[in-house]
Amino acid sequence: AEVADRPFALPAEWQWARLGDVAADIQYGLTAKASAEVLEPAFVRITDIKSSQIKWESVPGCVDSEGDVGRFRLAAG
């Protein structure tokens with residue numbers, strides 16, 4: 001990323017990158033229904049992210065009734 005695109009300083013171990021450079025296939029996401037009774041797979045919602053961290057205690061699971069979860073799973077790296 002260009003210097004002008006950097007709105008704030010990052011920790012020393014981090015580096016700026018454009019989303020398209022780190023994501024192979026950006027999609028809207030999964031619209032499965034969240035469930036407090038289901039634990040896996042985890043269904044991270046924007047409301048589960050606070051202060052740049054995921055608050056795992058509030059993350060519900062979701063029902064994978066259409067078999068689409070694998071398409072939206074985060075990949076290693």
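At a relative accessibility of 45%, Lys50 lands in the partly exposed class (buried is under 20% relative accessible area, exposed is over 50%, and partly exposed is in between, with a 1.4 Å probe and protein chains only). You'll find Lys50 in strand S2; strands (E, at least two residues) and helices (H or I, at least four residues) are DSSP runs, numbered from the N terminus.

This is a predicted model, where local features need pLDDT of at least 70 and side-chain atom pairs count only at pLDDT 80 or more, while totals for chains, interfaces and linings use all residues. Residues are numbered from 1 along each chain as its sequence is written, and side-chain values use heavy atoms, leaving out hydrogens and water.

A polar atom of the Lys50 side chain sits 3.1 Å from the backbone oxygen of Thr47. Thr47 itself is in the loop between S1 and S2 and is partly exposed, at 49% relative accessibility. Look across to Val59, 12 residues away along the chain, and the C-alpha atoms of Thr47 and Val59 are 9.0 Å apart.

## The whole chain

The protein chain has 2 helices and 4 strands, running in the order α-β-β-β-β-α along the sequence. It has 77 residues, and 14% of them are buried. Its accessible surface is about 6,800 Å², with 54% of that belonging to carbon and sulfur atoms (areas are by the Shrake-Rupley method with a 1.4 Å probe; for residues, only the protein chains shown count as cover).

Take contact to mean heavy atoms within 4.5 Å. Among contacts between residues at least 6 apart in sequence, 37% join residues at least 24 apart.

Asp48 belongs to the loop between strand S1 (34-35) and strand S2 (49-50). Setting aside neighbours within four places in sequence, Asp48 is in contact with Phe43, Gln53, Ile54, Lys55, Ser58, Val59 and Pro60.

Ile54 is in strand S3 and is partly exposed, at 32% relative accessible area. Not counting residues up to four places away in sequence, Ile54 touches Val44, Asp48, Ile49 and Val59.

Val44, Ile46, Ile49, Ile54 and Trp56 make a nonpolar surface patch of about 500 Å². Patch residues have over 30% relative accessible area and no salt bridge, with like charges joined within 9 Å and nonpolar side chains (Val, Leu, Ile, Met, Phe, Trp, Tyr) within 5 Å; a salt bridge is a side-chain nitrogen of Lys or Arg within 4 Å of a carboxyl oxygen of Asp or Glu. Trp56 sits in the loop between strand S3 (53-54) and strand S4 (61-62), and at 52% relative accessibility Trp56 counts as exposed.

The chain averages a pLDDT of 74, and 65% of the residues score at least 70 (pLDDT is the predictor's confidence in each residue, from 0 to 100). Confidence is highest in S3, at 84, and lowest in helix H2 (residues 69-72), at a mean of 66.

Definitions and conventions
Polar contact = N/O pair within 3.5 Å; in protein donor to acceptor, adjacent residues only side chain to side chain.
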